Amino acid sequence: MGGANGEVTGLSGESSARGRKLNATSYVVLGMLSAGPATSYDLKQRVGYTIGHFWAFAHSQLYDEPSRLAEDGLVVSAVEDGGRRRRTYSITEAGREALREWLVAPTPEETEVRDLGLLKLFFAAHGNPRTLRGLARDRYESHKARGDNYVVQYGQVAGVADPWQLKSLELGIRFERCVEEFWADFLAELDAGPTEQAPPAG
């Protein structure tokens with residue numbers, strides 16, 4: 001199987017697909033290629049516009065992982081005969097099956113939160129309390145801006161994205177609005193002056 005031009009690699013067969021444990025980046029590549037063939041640069045662009053908003057990883061992996069998937073038989077690659085000799089990757093049926101298996105597998109993992117503002121807030125007692133308002137303001141403005149951006153994106157892609165991609169974006173909006181509200185409330189507490197700390201309701 002291959003394109004009209006250039007060499008084709010990654011035809012080792014489905015059996016080799018189970019020789020290496022796939023990771024999250026593997027499934028990112030397979031998922032992105034399910035939308036159509038792409039070069040590594042194309043994959044970087046697609047990720048940047050979509051899941052890059054909630055799934056961070058080194059973009060260099062998008063240049064290394066496709067070739068590994070080709071060795072596994074989950075992807076095929078075709079190289080242009082001339083010009084820049086770009087390498088374009090396409091998903092195989094074995095790759096689609098691997099993606100389907102991953103999608104139906106249980107997902108018990110806890111959500112990871114890596115928030116620098118939250119980390120600074122946790123250790124704030126060891127710093128200058130007067131800087132707390134600046135931290136709260138910065139985090140409020142950051143989350144508000146990101147939430148606003150997601151709302152704009154939602155309007156732009158509502159007619160072309162599939163329902164589950166829209167639901168992913170909806171969760172992003174809800175998350176940003178929730179954290180935005182937290183920092184807004186904290187700013188109000190700081191403006192009201194020191195009070196006895198009470199446990200959150202719930």
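Mentor: Buried means under 20% relative accessible area, exposed over 50%, and partly exposed in between, with a 1.4 Å probe and protein chains only. Strand 2 covers residues 75-79 and is mostly covered, with five of its five residues buried. This is a predicted model, in which local features need pLDDT of at least 70 and side-chain atom pairs count only at pLDDT 80 or more, while totals for chains, interfaces and linings use all residues. Residues are numbered from 1 along each chain as its sequence is written, and side-chain values use heavy atoms, with hydrogens and water left out.

The partner of strand 2 is strand 3 (residues 87-91); the two pair in the antiparallel sense over five bridges. Pairing requires that DSSP finds at least two bridges between two strands. One of the bridges joins Val75 to Ile91 in strand 3.

For the setting, the chain has seven helices and three strands, in the order β-α-α-α-β-β-α-α-α-α along the sequence. Helices (H or I, at least four residues) and strands (E, at least two) are DSSP runs, numbered from the N terminus. Of the 202 residues in the chain, 30% are buried. Residues 24 or more positions apart account for 63% of the contacts in the chain with a separation of 6 or more, a contact being heavy atoms within 4.5 Å.
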